[in-house]
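Colleague: Hi! Could you walk me through this structure while I have it open?

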Amino acid sequence: MDSVERIRKYSNANGTSGFEQEIVRLFADDTKGLGKLEVDGMFNAILRRAENTGKKPVVQLDAHSDAVGLLTQAVRPNGMLKFVTLGGFVPTNLPAMKVKVRAKDGQFYPGVVATKPPHFMTVAERNAVPTVASMSVDIGSSSREETINDFKVDTGCPIFVDVDFQFNEKKGLLFGKDFDDRLGAAAMAEVMQQLAGKDLGVDVVAGLSAQEEVGLRGAYVAARKIEPDISIVLEGVPADDTFEPDWLSQTRMGGGPMLRDYDTTYIANQPFQNYATGLADQLGIPYTRAVRTGGGQDGAAIGNWKGCPTIVVGIPVRYEHTPYNWASLSDYQNSIALTKAVLERLDAKTIGEFSAF
Ligand SMILES: [Zn+2]
């Protein structure tokens, strides 16, 4: 499977927080034969490389399997679904979004996030930001009974963003949904494949974490299972190049991986960060560094594991946490190249230097 085909599969798969099974199955198939896979009741998937010795420092690679989505709260009398959001959607990005609802019997139904049509809105309503509580998902039903009895959709049914992946081959552009963090998950699988059979100075464990979008919950659990000495987080990260001036843009589509120094949950281990950027310089891999005033990612949860030095290798994604994302294939490939280069060089001595004071 080539990179684009892999990205297509990971992007198109249905998965939101708490409903990650489809991504776990895909990852399990994709990494078959590379090591031992363990999946827990939260759907964290932990892949230990076949070549691991149990005697070398442990590197945790991380990517998260969930993506922002919706969850049915209740069926309204008119048959529409009242929902809550899973992860950080803003209300203005929800109306008119095409979705897929998974019924209790496993059937999928198309739906749309519905609001009152403009024709029926008052001037005040047209100018107001709608609340999530006032929105519904319409699956075409006309009554509560029809939704519950015929569609078999009720409280607890997940609602996934529904956008088909497209690739612009000439420009190397990826378009689709859930690039946060399916690009990271696909990249992690690809790194594990490229390292297969190689002798490394470290043991590598890939943790595909669940429930990142609702508070990094899976990564807290995965880190405690993996017990890493050091960690690299592969994350689809929000690009700023379409709205920040050049001098302030730190995550650019086509600008290479973003190595994050700071966000609201996390500060990178600076020696490790400098090691990775130094290596990128040496290998001619483009990158940016980012100091963010918002956001967070699994690195916060993993770094909490006994102060494990952690860096984030981010793949820039335009319009994360909306249905439609753009990303560049070259950024995806450069993120893999840098992660792989770091893993090929890490050993106990180098890792020890990251904690020197
Ligand atoms: Zn993410």
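Modeller: Happy to. Bear in mind that this is a predicted model. Let's begin with Ser 3, which counts as buried at 13% relative accessibility.

Colleague: Which helix is Ser 3 found in?

Modeller: Ser 3 is found in helix α1.

Colleague: And what is Ser 3 in contact with, leaving aside its neighbours within four places in sequence?

Modeller: Ser 3 is then in contact with Glu 190, Leu 329 and Tyr 332. As for Asp 162, it is 159 residues from Ser 3 in sequence, and the C-alpha atoms of the two are 21 Å apart in space.

Colleague: Let's go on with α1. At what angle do the axes of α1 and α2 cross?

Modeller: Roughly 155°, and the axes come within 9 Å; α1 covers residues 3–12 and α2 covers residues 21–30. Angles over 145 degrees count as roughly antiparallel, and α1 and α2 are therefore roughly antiparallel to each other.

Colleague: Which residues make the contact?

Modeller: From α1 there are Arg 6, Lys 9 and Tyr 10, and from α2 there are Ile 23, Leu 26, Phe 27 and Asp 30. By class, the residues of this contact of α1 with α2 are four nonpolar and three charged, with no polar ones.

Colleague: Is that crossing left-handed or right-handed?

Modeller: α1 passes α2 in a right-handed crossing.

Colleague: OK, now α2 and α5. At what angle do they pack?

Modeller: About 20°, with the axes of α2 and α5 10 Å apart; α5 is made of residues 179–195. That makes α2 roughly parallel to α5, and the crossing of these two is right-handed.

Colleague: Which residues in α2 and α5 meet there?

Modeller: On the α2 side they are Ile 23, Phe 27 and Asp 30, and these meet Arg 182, Ala 185, Met 188, Ala 189 and Gln 193 in α5. This contact of α2 with α5 has five nonpolar residues, one polar and two charged.

Colleague: What kind of peptide bond joins Asp 180 and Asp 181?

Modeller: A cis one, with omega about 10°. Asp 181 has its place in helix α5. Most peptide bonds are trans.

Colleague: And backbone phi? What is the value for Ala 96?

Modeller: Phi of Ala 96 is near 75°, a positive value in a residue other than glycine. Ala 96 is found in the loop between β5 (81–86) and β6 (98–102), and it counts as exposed at 62% relative accessibility.

Colleague: What about phi of His 321?

Modeller: That one is near 60°, again a positive value in a residue other than glycine. His 321 lies in the loop between β17 (310–317) and β18 (325–328), and at 22% relative accessibility His 321 counts as partly exposed.

Colleague: Changing topic: how many aromatic pairs does a search of the whole structure find?

Modeller: Seven aromatic pairs. One of them is formed by Phe 108 and Phe 160, a tilted pair with 6.2 Å centre to centre and 45° between the planes. Phe 108 lies in strand β7 (residues 108–114) and Phe 160 in strand β9 (residues 158–161), so the pair ties together parts that are 52 residues apart in sequence.

Colleague: Is Phe 160 buried or exposed?

Modeller: Phe 160 is buried, with a relative accessible area of 3%.

Colleague: Where do Phe 272 and Phe 354 lie?

Modeller: Phe 272 lies in helix α7 (residues 270–283) and Phe 354 in the segment after α10 (348–353), so this pair ties together parts that are 82 residues apart in sequence. Both Phe 272 and Phe 354 are buried.

Colleague: Which residues do ring pairs link into a cluster?

Modeller: Those are Phe 175, Tyr 324 and Trp 326.

Colleague: Last one, Thr 242. Where does it lie?

Modeller: Thr 242 lies in the loop between β13 (230–238) and β14 (258–263), and it is partly exposed, with a relative accessible area of 38%. Not counting residues up to four places away in sequence, Thr 242 touches Arg 318 and Tyr 319. Thr 242 and Tyr 319 are 77 residues apart in sequence and 9.6 Å apart in space, C-alpha to C-alpha.

Note on methods. Residues are numbered from 1 along each chain as its sequence is written. This is a predicted model: local features need pLDDT of at least 70, side-chain atom pairs count only at pLDDT 80 or more; totals for chains, interfaces and linings use all residues. Side-chain values use heavy atoms; hydrogens and water are left out. Axes are lines fitted to C-alpha atoms, for helices over the stretch in contact, and angles run from 0 to 180 degrees between N-to-C directions. Helices (H or I, at least four residues) and strands (E, at least two) are DSSP runs, numbered from the N terminus. Angles under 35 degrees count as roughly parallel, over 145 as roughly antiparallel, 65 to 115 as roughly perpendicular and the rest as oblique. A crossing is left-handed if the near helix is turned anticlockwise from the far one by less than a right angle, and right-handed if clockwise. Contact means heavy atoms within 4.5 Å. Ala, Val, Leu, Ile, Met, Phe, Trp, Tyr, Cys and Pro count as nonpolar, Asp, Glu, Lys and Arg as charged, and the others, Gly among them, as polar. Rings of Phe, Tyr and Trp (its six-membered ring) pair if their centres lie within 6.5 Å; planes under 30 degrees apart count as stacked, over 60 as edge-to-face and the rest as tilted. Buried means under 20% relative accessible area, exposed over 50%, partly exposed in between (1.4 Å probe, protein chains only).
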